[in-house]
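Dear colleague,

I am passing on the structure we spoke about, and I would be glad if you looked through it before reading my notes.

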Amino acid sequence: MSAKSPKTAIGWGSETEFEKRRGVSAVEVRAGFAQVHVSELGQDIVEQRLRVLEAISGTGVSLDFLKLTPTGLSFLVRQDDSDKVGAAITPLGVRHTIKPNRAIVLVHAVNIRDEEGMLAELVHRAISSTAKVDHISDMHDRLLMVAEAGEAERLKVRIQEARADEN
Amino acid sequence: MRIKVMKFGGTSVATPEARLQSAMRVVSAKEQGFSPVVVVSAIGRKGAPYATDTLIQLLREIDPNVEPDPREMDLMAACGEILSSVIFAHTLKTLGHRAQAYRGGQAGIRTDGVYGNARIIGINPISLFKSIEEGCIPVVCGFQGVHVSGDGAPGGELTTLGRGGSDTTGAAIGAAMQAEAVEIFTDVDGVKTADPDYVKDAPTLRTVTYDEVAELAHLGAKVVHPRAAEIAMHHDIPLWVKNTFSDDPGTEIVRRERFPGRRVTGVSHTGKLVYLQFDLSSASEAHRTALEGRIYEMASGHAVNLYMLNLSPSGTGFAVPRPQYPIVRDLLDGLVIPMEGEVYIFQIGPASKEVEMQARLLEPLGEPIRIKAALTEGCTMVSLIGHEYMQQAGLFYGVLRTLADHQVPVLQTSDSDFSLSVLVTEADAHRAVRALHERFGLAEVV
């Protein structure tokens with residue numbers, strides 16, 4: 001090929017590597033969160049949930065992992081913000097608990113939805129690790145799980161071990 | 001050599017007129033000084049005579065009770081792109097341009113050995129470079145490659161790349177040939193802020209990051225497949241989505257560093273889902289984890305795709321695509337699990353005859369404990385996708401207030417760094433998408 005050939009080492013006759021391997025590529029833990037549970041909201045639960053969320057939105061605190069429960073809702077906040085959230089909810093007179101020392105376990109697996117059954121497998125693996133998982137969510141390239149910080153570290157090790165076994 | 005990879009989807013090659021328009025775009029690129037490399041999908045979409053689904057149906061209709069082998073399914077499925085590439089190459093020839101059709105393997109695309117969902121492990125594009133050098137326009141079959149097992153068999157095994165396979169082929173060839181750009185041609189102007197069937201006049205995004213487009217696709221939007229975005233991002237290849245049938249400039253997909261800032265990108269929706277919420281409160285504390293484990297073990301073992309996962313002290317829940325719901329029902333409805341002195345029986349929705357029969361058979365052993373799953377059929381997941389936006393205080397309140405004001409009941413929520421999703425009934429999906437699109441000012445996006 002002439003001087004107009006491809007400009008790097010790829011060139012003719014060589015091969016470029018492409019897609020990442022299937023399955024889990026990395027596991028990490030992000031600590032420093034608190035889990036807030038609001039329960040027993042009673043009648044008109046939709047409006048009651050909104051009342052709680054509106055009160056928190058006024059504090060400028062960002063929420064993660066919001067889940068609707070049969071009698072209320074639960075979510076994650078930065079631990080540093082948990083006092084602010086407690087102060088916003090308390091005047092509403094709703095029953096709530098704040099569990100400190102939570103962490104998010106991030107299980108990275110590219111195009112996780114394309115590997116049918118992979119999400120279920122990871123959740124099964126997490127549950128089997130005996131770590132108590134509070135919440136689960138997913139993105140295009142990762143599964144996210146919330147657990148107590150110590151449990152999160154154990155969960156990370158368990159998933160890494162399973163990954164090593166597969167390899 | 002200024003390589004431009006131009007990938008044409010099913011609608012862009014569906015009719016002689018569409019193929020002519022697509023071919024004219026290739027000719028135009030050549031006249032502008034590019035060396036085009038064409039990638040094509042099969043002709044037409046589902047139901048069309050040579051579409052992939054139609055070809056697979058030819059096998060299935062022989063005897064619906066006998067599942068064809070994945071290897072044979074791949075050989076059959078790949079025929080659609082082979083036909084398409086040959087026809088497209090000949091169309092170019094009729095326009096006075098030499099062109100050569102290539103199967104994936106001939107184009108140097110090597111994959112792993114997973115039939116039906118292979119991943120590209122390498123590309124050696126020597127034959128494509130030679131074709132260009134000889135003055136031809138290579139036309140490559142999308143969606144396929146070849147697996148060389150190393151046992152000495154010549155030729156290797158044909159494999160298909162699974163969902164989004166032709167986009168993936170386009171991006172991968174672009175990376176292997178160090179293309180100046182990869183253009184994905186379709187029948188819409190680019191990546192939209194919402195499905196135009198739901199939001200008429202939804203604007204076209206001019207720029208979007210690989211992460212946003214991957215999340216949009218993950219959450220149901222029919223845009224560039226995340227695998228293609230991942231390859232383009234990794235190899236820093238400019239990726240465009242354009243309309244074959246209009247002169248709209250389309251959407252450029254770029255790295256995060258090239259398009260920073262806080263913004264809402266769009267609203268997507270998935271297909272039809274069935275939501276199951278298992279109530280484990282009747283199980284003994286000691287058995288709950290094991291019971292949850294069995295649910296997920298079964299879903300994993302049968303390749304069930306899960307959405308909207310949730311765990312709580314009283315149970316667990318998830319949504320599954322409607323076509324996979326019968327698998328879940330068959331696995332779990334009536335399933336009996338004995339566990340250290342207790343017998344549990346799963347019940348999905350109202351008690352079926354099978355559940356009642358199982359319960360009667362178990363009566364001599366004592367009353368089995370029912371693990372009931374509340375069943376909500378006909379659900380859809382509606383998602384707000386954003387860039388550096390999901391950490392905004394009050395976002396959940398804004399989304400849920402908007403939906404409540406539009407009388408859209410929310411069954412569950414889920415969120416990540418790039419998205420906030422709500423599960424709603426299918427009947428409410430249009431209203432939810434339109435309400436969020438309006439609330440977050442997406443009609444004004446340019």
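Below is what was found, taken chain by chain and then across the contact.

Please keep in mind throughout that this is a predicted model.

Chain A has four helices and six strands, and from the N terminus on these elements follow one another as β-α-β-β-α-β-α-β-β-α. Of the 167 residues in chain A, 45% are buried, and among the contacts in this chain with a separation of 6 or more, 71% are between residues 24 or more positions apart.

The strands of chain A form an open sheet of six, in the order β2-β3-β1-β4-β6-β5, and the pairing is antiparallel. At its edges stand β2 (64–69) and β5 (133–139) of chain A, each of which has a single partner strand, so that one side of each is left without a neighbour in the sheet. On average, and with direction ignored, neighbouring strands of this sheet are turned by 25 degrees against each other. Within the sheet, β1 (residues 26–39) and β4 (residues 95–108) of chain A run antiparallel and are joined by twelve bridges; one of the pairs places Val27(A) with Val107(A) of β4(A) as its bridge partner. Helix α2 (residues 82–89) of chain A lies across β1, β3 (72–78) and β4 of chain A, and its direction is at about 140 degrees to β4(A).

Turning to chain B, there is an open sheet of eight strands in the order β3-β6-β2-β1-β9-β11-β12-β10, with mixed pairing. Its edge strands are β3 (99–102) and β10 (207–209) of chain B, each pairing on one side only, and the twist from one strand to the next averages 25 degrees. Strand β3(B) pairs with β6 (residues 137–141) of chain B in the parallel sense, over four bridges, and Ala101(B) stands opposite Val139(B) of β6(B). Helix α3 (residues 70–94) of chain B lies across β2 (35–40), β3 and β6 of chain B and runs at about 165 degrees to β6(B), whereas helix α6 (residues 210–218) of chain B packs on the sheet by touching β10 and β12 (251–254) of chain B, with its direction at about 80 degrees to that of β10(B).

A further helix of chain B, α9 (residues 325–332), has Tyr325(B), Val328(B) and Arg329(B) as its buried residues. Seen down the axis of α9(B), these buried residues fall within an arc of 100 degrees, and they therefore line one face of the helix. After α9(B) comes Gly334(B), whose phi is positive, near 90 degrees.

The largest nonpolar core has 177 residues, of which Val38(B), Val213(B), Ala232(B) and Ala319(B) touch the most other members. Beyond its neighbours within four places in sequence, Ala319(B) is in contact with residues including Leu273(B), Tyr307(B), Cys379(B) and Leu423(B).

Finally, the contact between the chains takes 58 residues from chain B and 54 residues from chain A. On the side of chain B that touches chain A, α8(B) gives the most, with seven residues, and by class that side has 27 nonpolar, 20 polar and eleven charged residues.

With best regards

Technical notes
Residues numbered from 1 in each chain as written. Chains lettered and ligands numbered in written order. Predicted model: local features only at pLDDT ≥ 70, side-chain atom pairs only at ≥ 80, totals over all residues. Buried ≥ 20, exposed ≤ 12 C-beta atoms within 10 Å, placed from the backbone. Helix = DSSP H or I, 4+ residues; strand = E, 2+ residues; numbered from the N terminus. Arc of directions from axis to C-beta. Pairing = 2+ DSSP bridges. Axes fitted to C-alpha atoms, helices over the stretch in contact; angles between N-to-C directions. Contact = placed C-beta atoms within 7 Å. Core = buried A, V, L, I, M, F, W, Y, C linked by C-beta atoms within 7 Å. Nonpolar A, V, L, I, M, F, W, Y, C, P; charged D, E, K, R; others polar.
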